[in-house]
There are 2 protein chains.
Amino acid sequence: MAKIIESVPNISEGVRTDVIESCVDAVRTTPGCTLLQHSSDPSHNRTVITYMGSPEGVEEASVKLAKAAVSLIDLTQHKGEHPRMGCVDVMPFIPIKETTMEECIELSKRVGQRIAEEAFLPVFLYEASATAPHRQNLANIRKGQFEGMAEKVRDPAWIPDFGWQRVHPTGGVVAVGARPPLIAYNINLSTSDVSIADRIAKIIRQAGGGLANVKAIGIMLEERNIAQVSINMTDYTKTPLYRVTELVKAEAARYGAHVVGTELIGLCPMNALIDSAAYYLQIEDFDRDVQVIENHLL
Amino acid sequence: MAKIIESVPNISEGVRTDVIESCVDAVRTTPGCTLLQHSSDPSHNRTVITYMGSPEGVEEASVKLAKAAVSLIDLTQHKGEHPRMGCVDVMPFIPIKETTMEECIELSKRVGQRIAEEAFLPVFLYEASATAPHRQNLANIRKGQFEGMAEKVRDPAWIPDFGWQRVHPTGGVVAVGARPPLIAYNINLSTSDVSIADRIAKIIRQAGGGLANVKAIGIMLEERNIAQVSINMTDYTKTPLYRVTELVKAEAARYGAHVVGTELIGLCPMNALIDSAAYYLQIEDFDRDVQVIENHLL
């Protein structure tokens with residue numbers, strides 16, 4: 001069996017097709033690595049690129065992508081609904097098959113060093129690769145965003161792990177790290193009032209009296225004129241998709257809003273969806289490890 | 001990649017543990033074949049056994065199972081909610097990996113011949129293996145059940161494909177054949193009135209103005225004192241699980257009944273559940289072939 005690692009970087013461009021395609025090409029043309037999907041959000045002004053392959057293939061594709069992004073994306077000109085700090089904003093490595101988190105941490109360090117040396121972007125290691133507890137959470141690193149980063153990196157607590165102690169003038173800084181599979185899941189509401197999405201986002205998070213393993217922000221989808229609760233599910237095995245969906249429905253009801261649809265960004269493990277099917281179909285005594293045929297074939 | 005065929009025979013015993021275990025052991029101890037699951041229903045007085053393996057392994061296990069069943073199960077003493085005609089009632093072969101329907105038809109003929117010769121049970125080939133159109137549908141073959149079979153096989157239209165033109169006195173007759181993956185799915189209702197399950201079963205079938213690719217009967221679960229709509233989904237890619245579930249909910253509502261739970265018997269393809277998750281979670285623009293990680297690993 002071959003080692004397979006996934007990467008799901010976000011680049012800070014979701015509108016200009018030529019820029020997006022050039023960045024995606026950096027991945028598409030790298031041997032040992034398969035481009036699986038890319039998905040652009042004009043409101044976020046951000047594109048998620050998903051690829052998978054051998055550790056070596058994914059390393060090459062990731063460094064090439066950073067080089068393309070820094071030459072094509074100018075953060076001083078960037079506007080979007082989603083917080084961001086770099087041309088490649090975040091680059092996670094995820095163990096998929098025959099690989100450990102340890103190997104993904106090693107890969108993130110090799111890629112981080114090369115991005116600093118070859119693309120001239122300062123790099124913060126985050127999540128499982130973080131070099132200090134306060135640097136694990138991406139939101140902490142990104143706080144202040146691109147515009148506040150020049151001052152932030154002068155703070156001894158926020159010296160980048162690789163590269164200059166200066167922000168790249170147009171490319172910003174990048175977070176690179178290893179993490180378990182995460183599900184990017186957005187819930188679209190029947191309202192154009194973003195403050196409703198904001199309030200729901202704050203409530204469904206653990207700190208707001210909501211669910212564990214849920215990160216959420218409220219966002220406006222300008223092109224559809226609807227508000228969205230944009231969610232990261234950090235452990236779908238403990239906090240399933242249906243639970244956050246039903247909680248958002250319940251909280252939206254107080255504002256007379258309902259769910260018009262959801263979005264699954266990038267890839268998702270089979271079991272995350274199967275667990276929600278079992279809930280909604282009310283399947284009794286269901287053992288997915290035994291009863292789902294594919295579990296016997298992998 | 002190795003050829004993998006699945007078989008999901010039903011035996012006519014769902015109560016006596018020693019008999020069930022002896023039949024299951026016939027599969028469990030056969031090399032080249034993996035027992036995946038067995039599930040007994042005392043109301044049906046019936047056990048479903050699921051196994052998978054190489055064509056050779058599955059052939060051996062299937063013949064051994066028929067020999068065990070004929071020596072242990074006496075249909076003259078059998079009572080149960082579910083229609084039945086043999087000690088092994090039905091034995092389907094399903095292509096799972098690197099195999100064609102044609103190979104499963106060949107396997108069903110080899111197994112059918114051996115069951116007739118080695119277990120002395122007359123065999124009807126059914127579904128894709130049927131030797132005449134009126135013998136494709138299992139319900140047609142089984143009509144009259146064990147008690148009516150002695151007379152039925154004297155009809156030239158119902159001469160068994162293998163073995164005597166006589167019913168085995170205690171073992172009855174067996175249907176053996178090849179078919180695509182089928183989902184055995186039961187919906188339990190909040191009523192002890194089996195006539196409600198019966199009426200819903202008739203309505204949700206194509207012939208009753210209901211759904212294509214759905215076979216259904218109403219059954220009483222005596223031990224829980226509730227009625228059940230027992231369903232076979234013959235093509236989940238066209239008629240998904242959520243649709244039949246929602247239709248049963250809608251039809252049950254007219255009787256003030258609701259769904260208390262469902263049962264998935266045996267194995268189910270991943271995509272059947274993922275399609276229902278996508279429906280209930282309202283996922284927009286979802287491409288399961290791209291977005292489900294496991295689709296890239298199989």
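Q: Over the face of which residue does Lys152(A) lie, and at what distance from the ring centre?
A: In this predicted model, a charge counts as sitting over a ring if NZ of Lys is within 6 Å of the ring centre and within 35 degrees of the ring normal. Lys152(A) lies over the face of Trp158(A), and its distance from the ring centre is 4.3 Å.

Q: Over which ring does the charged end of Lys152(B) sit?
A: The charged end of Lys152(B) is 4.3 Å from the centre of a ring in chain B.

Q: How many aromatic pairs does the structure hold, and what is the geometry of the pair Tyr242(A) and Tyr280(A)?
A: Over all chains, the structure holds eleven aromatic pairs. For Tyr242(A) and Tyr280(A), the centres are 6.3 Å apart and the planes make an angle of 80°. Planes over 60 degrees apart count as edge-to-face. The count is eleven, and the geometry of this pair is edge-to-face.

Q: Which parts of chain A does the pair Tyr242(A) and Tyr280(A) link?
A: The two residues are 38 residues apart, so the pair links distant parts of the chain. Both Tyr242(A) and Tyr280(A) are buried. Tyr242(A) is in helix H7 (residues 241-253) and Tyr280(A) in helix H8 (residues 270-280).

Q: Which residues do ring pairs link into a cluster?
A: Ring pairs join residues of chain A and chain B here. The cluster consists of Tyr242(A), Tyr279(A), Tyr280(A), Tyr242(B), Tyr279(B) and Tyr280(B).

Q: How much area do chain B and chain A bury between them?
A: In the contact between the chains, 44 residues of chain B meet 44 residues of chain A. Of the buried area, 66% is on carbon and sulfur atoms. The total is about 3800 Å².

Q: How many salt bridges are counted between chain B and chain A, and which element of chain B gives the most residues to the side that touches chain A?
A: Arg224(B) forms a salt bridge with Glu284(A), with the closest N and O atoms 2.8 Å apart. The count between the chains is two salt bridges, alongside 24 residue pairs in polar contact. Elements of chain B that each supply at least two residues include strand E1 (4-7), helix H7 (241-253) and strand E11 (259-265). The largest contribution, seven residues, comes from E11(B).

Q: Which side chain is joined to that of Asn188(A) by a polar contact of 3.3 Å?
A: Asn188(A) is found in strand E8 (residues 183-189) of chain A and has a relative accessible area of 0%, so Asn188(A) is buried. Beyond its neighbours within four places in sequence, its contacts include Arg224(A), His258(A) and Glu263(A). The side chain in question is that of Glu284(B).

Q: What is the phi of Asn225(A)?
A: Most residues other than glycine have a negative phi. Asn225(A) is in the loop between strand E9 (214-221) and strand E10 (226-233) of chain A, and is partly exposed at 47% relative accessible area. Although Asn225(A) is not a glycine, its phi is positive, about 55°.

Technical notes: Residues numbered from 1 in each chain as written. Chains lettered and ligands numbered in written order. Predicted model: local features only at pLDDT ≥ 70, side-chain atom pairs only at ≥ 80, totals over all residues. Heavy atoms only, no water. Phe/Tyr/Trp six-rings, centres within 6.5 Å; stacked < 30°, edge-to-face > 60°. Helix = DSSP H or I, 4+ residues; strand = E, 2+ residues; numbered from the N terminus. Buried < 20%, exposed > 50% of the residue type's maximum accessible area, 1.4 Å probe, protein only. Contact = heavy atoms within 4.5 Å. Buried area = accessible area lost by both parts, 1.4 Å probe. Salt bridge = Lys/Arg side-chain N within 4 Å of Asp/Glu carboxyl O. Polar contact = N/O pair within 3.5 Å; in protein donor to acceptor, adjacent residues only side chain to side chain.
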